Amino acid sequence: MTAVEPHAPAADPMLPRPFRVVAHHLDTDDTVTLSLEPMAGDPLEFASGQFTMLHAFGVGEVPISISGDPTWPGPLVHTIRDVGNVTHALVGAGVGAVVGVRGPYGRGWDVADGIGGDVLLAAGGIGLAPLRPVLWEIADRRTDFDRVVLLYGARSPSEVLFGPDLERWAQECGIEVEVTVDYAPPTWQGRVGPVTKLISRAGFDPHRTLALVCGPEIMMTLSTQALLGRGVAPDRVRLSMERNMKCGVGLCGHCQLRDLFICVDGPVLPYTELVDLLDVWEL
Ligand SMILES: Cc1cc2nc3c(=O)[nH]c(=O)nc-3n(C[C@H](O)[C@H](O)[C@H](O)COP(=O)(O)OP(=O)(O)OC[C@H]3O[C@@H](n4cnc5c(N)ncnc54)[C@H](O)[C@@H]3O)c2cc1C
Ligand code: FES
C-alpha cells in the first residue's frame, strides 16, 4: 500500500492573521495611514488596487484597499477614513496594537493594459488611497507610458491626502498632477471646483488612454461621462467599486450586483461590465 502524504488543512479564508501596527500617520482630521507587519509568517504580496479585510478585534471587519508601494518590500500599508464603528477602531489602533488581516483580495488596476499609451487617473477624496499603489507602480516603470496625468479632488485643502507623494510624483516621476478642492479659504492658491471638470481639458490622447477612476459613486459616474465624451473607449475606463462586503471571497453574496461579485470580480471593473448597473450603484 502506498503511503499517503498527510495534507495540511487548507487555510481558513475567514481566519484573520495577526499584524502589528508599526507606524500610525495622521493624514487629515479623520484619516490615518497604518503600516502593519505580520506577527508570524511571510509579508503579503499584493497587486495595485487589491484590498484586504481588516479586523478590529472585538469590533468587526471591513474591506480596505492597500495604499502602499507594491514595488517596495516594506510593511503593509492602508489608509483609513473614520466613518463608523470599525473604521473608528482601526484609526485608533496605535503603534504596537494588533489588528487582523485577511487577503489580499480582488482584481486590481492592471496598468500593464496602458503600456505604450497615456494613463489618466482621476481620484476623489479617499479614492486616492486605492490609486496610490498604481501611481508608485507607474513611477517605477515610467518609460513604459507616454503622458501620465493625475487629477485629484478633495473637499478642502486640509483634506488633501499624500501631499509629499503628490509633489514627488509631479517633480521626480514625470506625472502631471492637478489638485482641486470643493471649498477653500482665501489663502488657497490652487484650483477650486469638481475634479470631473478637469477631465474635459486635461492633456491626454483619448484614443490611446487607459483611465483609472476611484472616488464617490457620483464622481465616478460624472468622470466616466466626461471620459466617454472625450472619446475614451468604454473598456478602457476602469472603476474601483466600493460595495458593502462581508466575506471578501465570493461566499456570502453581500457584494453581489446582478451576476457580479464585486469582491472577486472587482473591485476594479471596466465600465463595459458596469454600464447596466449604474442605476443600482447606490443600493
Ligand atoms: C473594496 C473596498 C475598498 C475600500 N477601501 C477603503 C480605503 O482604502 N479606505 C477607507 O477608508 N475605506 C475604504 N473602503 C470603505 C470602508 O470599507 C467603509 O468605510 C467601512 O466598511 C465602513 O465601516 P464602519 O463599520 O466603520 O462604518 P459603518 O457604520 O458600517 O458605516 C458608516 C458609513 O459608511 C458607509 N459605508 C459602509 N460601508 C461602506 C463601503 N463599503 N463603501 C462606502 N461607504 C460605506 C455607510 O453607508 C455609513 O454611511 C473600501 C470599501 C471597499 C468595498
Ligand atoms: S463580500 Fe461575500 S460574496 Fe462578496
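Q: How many bridges join β3 to β6, and do the strands run parallel or antiparallel?
A: Four bridges join strand β3, residues 51-56, to β6, and the two run antiparallel. Keep in mind that this is a predicted model.

Q: Which residue of β6 does L54 stand opposite?
A: L54 stands opposite V101 in β6.

Q: What about β1 and β6, parallel or antiparallel?
A: Antiparallel. Strand β1, residues 17-28, pairs with β6 over four bridges.

Q: And what stands opposite P18 there?
A: G100 in β6 stands opposite P18.

Q: How do strands of a sheet pair in general, again?
A: Through backbone hydrogen bonds, either parallel or antiparallel.

Q: Is R102 buried or exposed?
A: Buried. Its relative accessible area is 1%.

Q: How many salt bridges does the structure hold?
A: It holds 14.

Q: Which residue does R201 pair with in a salt bridge?
A: R201 pairs with E178. Their closest N and O atoms are 3.9 Å apart.

Q: Where do those two sit?
A: R201 is in the loop between β10 and β11, and E178 is in strand β9, residues 176-181. They are 23 residues apart, and the pair links distant parts of the chain.

Q: How accessible is R201?
A: R201 has 45% relative accessibility, so it counts as partly exposed.

Q: What does R141 meet in a salt bridge?
A: The side chain of E137, at 3.8 Å, N to O. R141 counts as partly exposed, at 27% relative accessibility.

Q: Which residues are linked in a network of salt bridges?
A: D118, D146 and R208 are linked that way.

Q: Let's go to A202. Where is it found?
A: In the loop between β10, residues 191-192, and β11, residues 209-214.

Q: Buried or exposed?
A: A202 counts as buried, because its relative accessibility is 5% and the cut-off for buried is under 20%.

Q: What does A202 touch?
A: V149, L151 and R230, leaving out residues up to four places away in sequence.

Q: How far is A202 from L120 in sequence and in space?
A: They are 82 residues apart in sequence. In space, C-alpha to C-alpha, they are 8.8 Å apart.

Q: Now S35. Which strand is it found in?
A: S35 is in strand β2, residues 31-38. It counts as buried, at 14% relative accessibility.

Q: Which residues does S35 touch?
A: Setting aside residues up to four places away in sequence, S35 touches R20, V21, V22, A23, P75, L76 and V77.

Q: Change of topic: the ligand. How many residues surround ligand 1, and which are the closest?
A: There are 19 residues around ligand 1. The closest are P63, R81, T87, R243 and N244.

Q: Which backbone atoms come up to ligand 1?
A: A backbone N or O atom of T79 lies 2.9 Å from a nitrogen atom of ligand 1. For R81, a backbone N or O atom lies 2.7 Å from an oxygen atom of ligand 1.

Q: What about the side chain of E242?
A: An N or O atom in the side chain of E242 is 3.3 Å from a nitrogen atom of ligand 1.

Q: How much of the accessible area of ligand 1 does the protein cover?
A: The protein covers 69% of the 860 Å² that ligand 1 has on its own.

Q: Which elements give two or more residues to the shell?
A: β4, β5 (76-81) and α1 (85-91) do. β4 gives the most, with four residues.

Q: Last topic: in what order do the seven strands of the open sheet run?
A: The order is β10-β9-β8-β7-β11-β12-β15, with mixed pairing.

Q: Which strands stand at the edges?
A: β10 and β15, the latter at 268-270. Each has a single partner strand, so one side of each is left without a neighbour in the sheet.

Q: How do β12 and β15 pair?
A: Strand β12, residues 237-240, pairs with β15 in the antiparallel sense over three bridges. S240 stands opposite V268 in β15.

Notes: Residues are numbered from 1 along each chain as its sequence is written. Chains are lettered from A and ligands numbered from 1 in the order in which they are written. This is a predicted model: local features need pLDDT of at least 70, side-chain atom pairs count only at pLDDT 80 or more; totals for chains, interfaces and linings use all residues. Side-chain values use heavy atoms; hydrogens and water are left out. Buried means under 20% relative accessible area, exposed over 50%, partly exposed in between (1.4 Å probe, protein chains only). Contact means heavy atoms within 4.5 Å. A salt bridge is a side-chain nitrogen of Lys or Arg within 4 Å of a carboxyl oxygen of Asp or Glu. Two strands pair if DSSP finds at least two bridges between them. A residue is near a molecule or strand if one of its heavy atoms lies within 4 Å of it. A polar contact is a pair of N or O atoms within 3.5 Å; within protein, one must be able to donate a hydrogen and the other to accept it, and residues adjacent in sequence count only if both atoms are side-chain atoms. Accessible areas come from the Shrake-Rupley method with a 1.4 Å probe; for residues, only the protein chains shown count as cover.
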